[in-house]
Amino acid sequence: MGQMLTLTESAAKRVAWIADKQSKPAILRLSVEGGGCSGFQYKFDLADQADGDDSVSETSGVQLVVDPISLDLVNGSVVDFVESLGGAAFRVENPNAAAGCGCGSSFGI
């Protein structure tokens, strides 16, 4: 399976800003955990490095890394950073999600 994850410019800029504030590398780890109102939820963390079996994509020098198990659930996704009246957050546009919730942080397959 080819690596099919995209980090938007907006998300890359935000990751770089957060990483700079925390004196960490600009590496965003996306993982999927059981839970949330639709069955699965997205988890975002800054990583110190990519693991050997991670899928890695890069935008403007910022890496997006995903472990193989999570990749099965998010392959083809676009990770964006959006700011609105409701707040600011990373959002995943996941073509594999058959159901989602209003908050956009959980999904079902």
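Modeller: Accessible areas here come from the Shrake-Rupley method with a 1.4 Å probe, and for residues only the protein chains shown count as cover. On that basis the protein has an accessible surface of about 5900 Å², with 49% of it belonging to carbon and sulfur atoms. Keep in mind that this is a predicted model: local features need pLDDT of at least 70, side-chain atom pairs count only at pLDDT 80 or more, and totals for chains, interfaces and linings use all residues. Residues are numbered from 1 along each chain as its sequence is written, and side-chain values use heavy atoms, with hydrogens and water left out.

Now, the rings. Searching the whole structure turns up two aromatic pairs (rings of Phe, Tyr and Trp, the last by its six-membered ring, with centres within 6.5 Å; planes under 30 degrees apart are stacked, over 60 edge-to-face, the rest tilted). One of them joins Phe-44 and Phe-90: the centres are 5.4 Å apart and the planes sit at 35 degrees, so this pair is tilted. Phe-44 belongs to strand β3 (residues 40-46) and Phe-90 to strand β7 (residues 87-93), so the pair ties together parts 46 residues apart in sequence. Strands are DSSP runs of E, at least two residues, and helices runs of H or I, at least four, numbered from the N terminus; the protein has nine strands and two helices.

How covered are the two? Phe-90 is buried at 17% relative accessible area, while Phe-44, at 24%, is partly exposed (buried is under 20%, exposed over 50%, partly exposed in between; 1.4 Å probe, protein chains only). Together with Phe-81, Phe-44 and Phe-90 make up one aromatic cluster.
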